[in-house]
Amino acid sequence: MKILALSERAQGGGLECYLQTVAEGFRARGSEMRLLTRADLGFADEHDAPRPEAGARLRELASSFGPDAIAIHNVLDAEVIAAAGPLAPTVYHFHDHRLFCPNGDRVFPRGRKRCGEKMGAACLIHSALHGCAYGPRSETNVLLQRRRATAAAALATGAIVVYSEFMEREALANGVPQPLLHRLRPPIPPAFLREPRERDRTRTSVFFGARIEPVKGLQHLVRAIAAIPHERRPLLTIAGDGPDLAASLALADRLGCEVRALGTLDRDGVIAALDACTIAAMPSLWNEPFGLSGVEAFARARPVAAYVSGGIPEWIGEGGIAVPCGDIRALRSAIETLLEEARWQTCSRSAREIAQTYSLEPHLDELIGVYGGSSLNVEF
């Protein structure tokens, strides 16, 4: 089986980690998954006009590879998506909100409230009310039309894959036909499911790992931890980088919250950091499409304190505590509760059990079912 995967980058975030995990799994089964990125094809950025030359480049590279299926992951160039269809059975993987949101994160820039509108005329209204996209300018309408063309190209593929009930509802609300949709459980890299090490008992700590943007809520987490009395206040360990890191560190310093910033970590580094912490936190202020980093913490038997956001309520169960989004006082309470030894022990056991249900092999079986489904007419 030969799969050609298209994505923006080869490294850098959750999607790229997912692609690495899946590629390793297919390789172990004797199949090959080759990744082409913007650097290989030159396709358009999410705000730019589609590039026909990128489609031509895809046709050239695909002909030499001879894929049995093409898996498109969040590519927003309609020319590339359309070019893939005649080359092999094609599946579009829907990992975030950009396919149906000109803003990209379904959060209003003005006021930071989450948006629940269908992409369309409402986007133009909110560009004036909330500063979405380029604001009340012609460029916003151009971007909206490009995003609509991308969505139409994605709907013309053989299948749409999502990874949570929340994203399934988002897709349906934006016109994706139910028969086209396939909801899969995302996989944890097998390394996370190895037996976790004993946590550091010399001091409690809270782990936060993400690309550090305002919608990830790191400043909320800093304020929640800083509100805990000094004698019980945990260390905050941060893994990642991004535009909100400097402001978050400055806030922590101002509020007397001790921080250990680890920078960007590889897979083994994240595992080691999780093993060293007491609990993890996901104070996401946007609608998380799923929140796999929380399940990765579960795999290391670490409970998670989180905001109710997007797909998070689907997996958190008894492995952690989810509180109303944006409620810093409730987040502080959740952290303090999970740091209590009896509650930690109960949630740690549940977290580990939940994580076992997100293993790689069943996910690969599901992918093969989608790629080899009758609607795609592929034989393996």
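The buried residues of helix α8 pack against β7 (205–209), β8 (235–239), α9 (245–255), β10 (279–282), β11 (304–307) and α13 (328–339), where contact denotes heavy atoms within 4.5 Å and buried denotes under 20% relative accessible area, with exposed set at over 50% and partly exposed in between (1.4 Å probe, protein chains only). The model is predicted, and local features therefore need pLDDT of at least 70 and side-chain atom pairs count only at pLDDT 80 or more, whereas totals for chains, interfaces and linings use all residues. Residues are numbered from 1 along each chain as its sequence is written, and side-chain values rest on heavy atoms, with hydrogens and water left out. Helices (H or I, at least four residues) and strands (E, at least two) are DSSP runs, numbered from the N terminus. Helix α8, which spans residues 218–226, is mostly covered, 7 of its 9 residues being buried; these are Leu218, His220, Leu221, Val222, Ala224, Ile225 and Ala226.

Several of the strands contacted by α8 belong to an open sheet of 6 strands, arranged in the order β9-β8-β7-β10-β11-β12 with parallel pairing, two strands being taken as paired if DSSP finds at least two bridges between them. Because β9 (259–263) and β12 (320–323) stand at the edges with a single partner strand each, one side of each is left without a neighbour in the sheet. On average, and with direction ignored, neighbouring strands of this sheet are turned by 20° against each other; axes are lines fitted to C-alpha atoms, for helices over the stretch in contact, and angles run from 0 to 180 degrees between N-to-C directions. Helix α10 (residues 267–276) packs on the sheet, where it touches β7, β9 and β10, and its direction makes about 155° with that of β7. The pairing of β8 with β9 is parallel and extends over 4 bridges, and Thr237 stands opposite Arg260 in β9.

A further packing arrangement involves helix α11 (residues 292–299) and helix α14 (residues 341–355), which meet at an angle of about 115° with their axes 7 Å apart. The contact is made by Val295, Phe298 and Ala299 of α11 together with Ala351, Arg352, Ile354 and Ala355 of α14.

The largest nonpolar core has 37 residues, and those with the most contacts inside it are Leu6, Leu58 and Ile160; such a core is a set of buried Ala, Val, Leu, Ile, Met, Phe, Trp, Tyr and Cys residues joined through side-chain atoms within 4.5 Å. At least two residues of this core are supplied by each of β1 (2–7), α3 (52–65), β3 (69–73), α4 (78–84), α6 (138–155), β5 (159–162) and α7 (165–173), and the largest share, 5 residues, comes from α4. When neighbours within four places in sequence are left aside, Leu58 is in contact with Leu4, Leu6, Leu36, Leu41, Val80, Ala83, Ala84 and Leu87. A second, separate core of 30 residues includes Phe208, Val222, Ala226 and Leu236.

Backbone geometry was also examined in the loops. Asn74, in the loop between β3 and α4, has a positive phi of about 65° although it is not a glycine, and Asn74 is buried, with a relative accessible area of 5%. Ala301, placed in the loop between α11 and β11, likewise has a positive phi of about 65° without being a glycine, and at 10% relative accessibility Ala301 counts as buried.
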